Structures are given as structure tokens and as C-alpha cells.
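Come along and check each entry against the picture.

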Amino acid sequence: MAHIVSTRPLIDGGLSGVRGEHTLTVCDPPDGSTRSVDELIALADGADVLLSVLADPITEALFEARPELQLVSQYAVGVDNIDLEAAEAHDVAVTHTPGVLTDATADLTWALLLAVARHVPAADRYVRDGRFERWETTLLMGTELSRKTLGIVGMGRIGTAVARRALGFGMEVVYHNRTRANPTVERQVSARHVGLGELLETSDVVSLHCPHNEDSHHLLDAAAFAQMKASALLVNTARGPVVDEEALVDALAAGEIAGAGLDVFEEEPDVHPGLLDQDRVVLAPHLGSATTDTRMRMAQMCVASITAFLEGDERVPHRLV
Ligand code: DGY
């Protein structure tokens, strides 16, 4: 019998598949706040399995303090909050939830892009504030996406799903990826592989879909913004630290780029104050996977990985370490 600790409540019924012989403790931070390393260590007391979310700092200190921990099951595809090397060194397995949140995240990317391109939040405020008095010839003029170029940085599952949606909008797609995508995928989504410099210089929209790691940290910095078109829009539904937020604020203020749709931030849940008063920035609180269907599938995937691990299966699904 194993003890499973979930660092947060998941979607209702999401953990119903946990077998009766195992005990499950679901923690609920009173103020919903991000947990510190020490708080995580405290709540992992006696845990064989920790079900974590992307805001949990899963560090070497946790593995050292809780040697009984055998598995970290991450309720997300991204694992940049987990020190994978330390997990391996301490013989702790790690699983995650790839694949099931692809469409939800691609949809949110497009929601943010359309919201920025057509001033949707500002238009909503305009009507609610009672300012809609007559049809105007030049009110809240937006950017048309048809026939424009979408530059995708990171052509994995989510990047490809975003590119597929671009076909319906009549956009040309270029992408940058460390390794070139399979030619069949390129053909299916009509995407052309280019260097990052060309992508930044030619794209009307730059959309980020790469993981955050040493190589991608601040991939979009002041020099990158200087390369982009002044009319370009940036969308980030990947990870906040892929963008140098300070440089983004400066680039927006200087008119080096025209706008941004951001679901992720460098120091979540904090948002750079310089982003809050920019007209052409649309912000969301990391909602990429936030649909009922997707969050349920993510929970079921965690339960499947935990069950397989505890039953001693050789092939634990979606195991990274
Ligand atoms: C993930 O799973 O990595 C997403 O960012 C969660 O929304």
C-alpha cells in the first residue's frame, strides 16, 4: 500500500481511479499561493508518490529530505519546475502528461492571437463602459491575419496544432526548431523550416511553443525584438522565461513590436507591471490546458502512470526519468 500526496486539488473526480488500497491526501493551500521548497517538503512527509503541478519547486532539497519518495507524477506536460537530474540521482521516477493538452493549448494560442489582433478585451470594455454611441469608421482598428506570416518557434505537438489551425486562417507558416520536422508534417501544415533570425524578421506573428531550458532561456531578448517587424504580434503559451519580460516591456513601449498575447510569465504568478498598462497586451493566468475535458484527461493520465508504477510495470506510461 502506498501513500499518494497531491499538492493541490485537481478537477472533481479526476483522482477517482486511485485504487482503494492506496491512501490519498489532497492538499489545499489556504490562499491558493505558490508553495515554497520547505512547504513542499513538509507536505511530502510520508509520501511514496507526489502528484505535482507546474508551480511546485521539485528540487534536490525535496529528494534529500524525503528519501522514501519514489515517484513524482506531474500534472502538466512541462517539467521545468522539476530537477530531473536530481530525481535521477535520487532514483525517483518522474512522469508527465504529454499529448492530451495539445488542442486546448493550441486553441488558447489562437484565442490570444485573435484577441490581440482585433482588440477584443478593449472592445468589450468599450461596450460595457457605455461608450458605444455610434458606428465609427476608425474605431479599434485591428490587424488582419489572412495572407500574413505566422512564425512558430518549437514545432512539437502544440506548435504543429497551432500551424494546422493557421491553414484555416490562410496564413503562411514558417517555423524554427532544433531539428527539422518530419517532411510529412511539414507538408500537412504547409510549414517551411527557417533559421530563428529569418523567422523573427519575416513573421507578422511569432508564437512560442518550445520548452524552457538553458538553451531557450530569454530566447526572445532585446536583440530578438529589434529584429522583429514593428507591426508584429507575439504570443507566448509556452513558458514565461523563454521571453526576457523586461526587454518585451521596452520593445512594446518603443514600438519595436505592436502587441502581445501572454498566458505565461517569467515570475508566475507575478506579472511585470510594465505589461499591465499596455493597451495592446492581452494577459491570461496560464490557462493553456484549462478545459474540463483536458484537465480530466491529464488527471486520468497521472492516475494511469501512478498505478502502473505502483504495480511494478516495466513500462510506466509517460515516464521521463
Ligand atoms: C503544461 O502542461 O505544461 C501546461 O503549461 C499547463 O497548462
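Predicted model: local features only at pLDDT ≥ 70, side-chain atom pairs only at ≥ 80, totals over all residues.

What volume does the second largest cavity have? I looked it up and found about 30 Å³.

**Entry 1: the cavities**

Rolling a probe the size of a water molecule over the atoms shows where empty space is left. In this structure I found two cavities of 30 Å³ or more.

I stayed with the second largest cavity for a moment and wrote down its lining: Asn236, Gly240, Val243, Glu245, Leu248, Leu262 and Val264. Sorted by class, these lining residues are four nonpolar, two polar and one charged.

Then I turned to the largest cavity, which holds about 40 Å³ of space. Its lining is made of Ile4, Val18, Arg19, His22, Val303, Ile306, Thr307 and Leu310. Helix H12, residues 292–310, gives the largest share of this lining, with four residues. By class I noted five nonpolar, two polar and one charged residues around the largest cavity.

**Entry 2: a neighbour for Arg19**

Arg19 is one of the residues lining the largest cavity, and I wanted to know what else it does. Its side chain makes a polar contact of 2.5 Å with the side chain of Glu311. I found Glu311 in the segment after H12.

Next I looked at the second largest pocket, with about 190 Å³ of space. I counted on the list of 15 lining residues, and those nearest the pocket's centre are Pro121, Arg125, Gln278, Asp279 and Val281. The elements that give two or more residues to this lining are helix H4 (102–117), helix H5 (120–128), helix H11 (273–276) and strand S12 (281–283). The lining divides into nine nonpolar, two polar and four charged residues.

**Entry 3: the ligand**

Which residues are around the ligand? My list reads Leu54, Ala76, Val77, Gly78, Leu101, Arg239, His286 and Ser289. This shell has four nonpolar, three polar and one charged residues.

I then checked the oxygen atoms of the ligand. One lies 2.7 Å from an N or O atom in the side chain of Arg239. For His286, a polar side-chain atom is also 2.7 Å from a ligand oxygen. With Ser289, the distance from a side-chain N or O atom to a ligand oxygen is 2.9 Å. Taken alone, the ligand would expose 240 Å², and the protein buries 92% of that.

**Entry 4: the backbone**

Which two residues does a cis peptide bond join? I found Glu268 and Pro269, with omega at about 5°. Pro269 sits in the loop between strand S11 (259–262) and H11.

Leu140 has a phi of about 45°, and its place is the loop between H5 and strand S6 (149–153). Leu140 counts as partly exposed because its relative accessible area is 34%.

For His218, phi is near 55°. I located His218 in the loop between strand S9 (205–208) and helix H9 (222–227). With a relative accessible area of 23%, His218 is partly exposed; buried would mean under 20%.

Key. Residues numbered from 1 in each chain as written. Heavy atoms only, no water. 1 Å grid on protein atoms, 1.4 Å probe; cavity = no way out; pocket = protein on both sides within 12 Å on 5 of 7 lines; lining within 4 Å. Points joined across faces, edges and corners; volume = space filled by probe spheres on them. Nonpolar A, V, L, I, M, F, W, Y, C, P; charged D, E, K, R; others polar. Polar contact = N/O pair within 3.5 Å; in protein donor to acceptor, adjacent residues only side chain to side chain. Near = heavy atom within 4 Å. Areas by Shrake-Rupley, 256 points an atom, 1.4 Å probe, with all protein chains shown as cover. Buried < 20%, exposed > 50% of the residue type's maximum accessible area, 1.4 Å probe, protein only.
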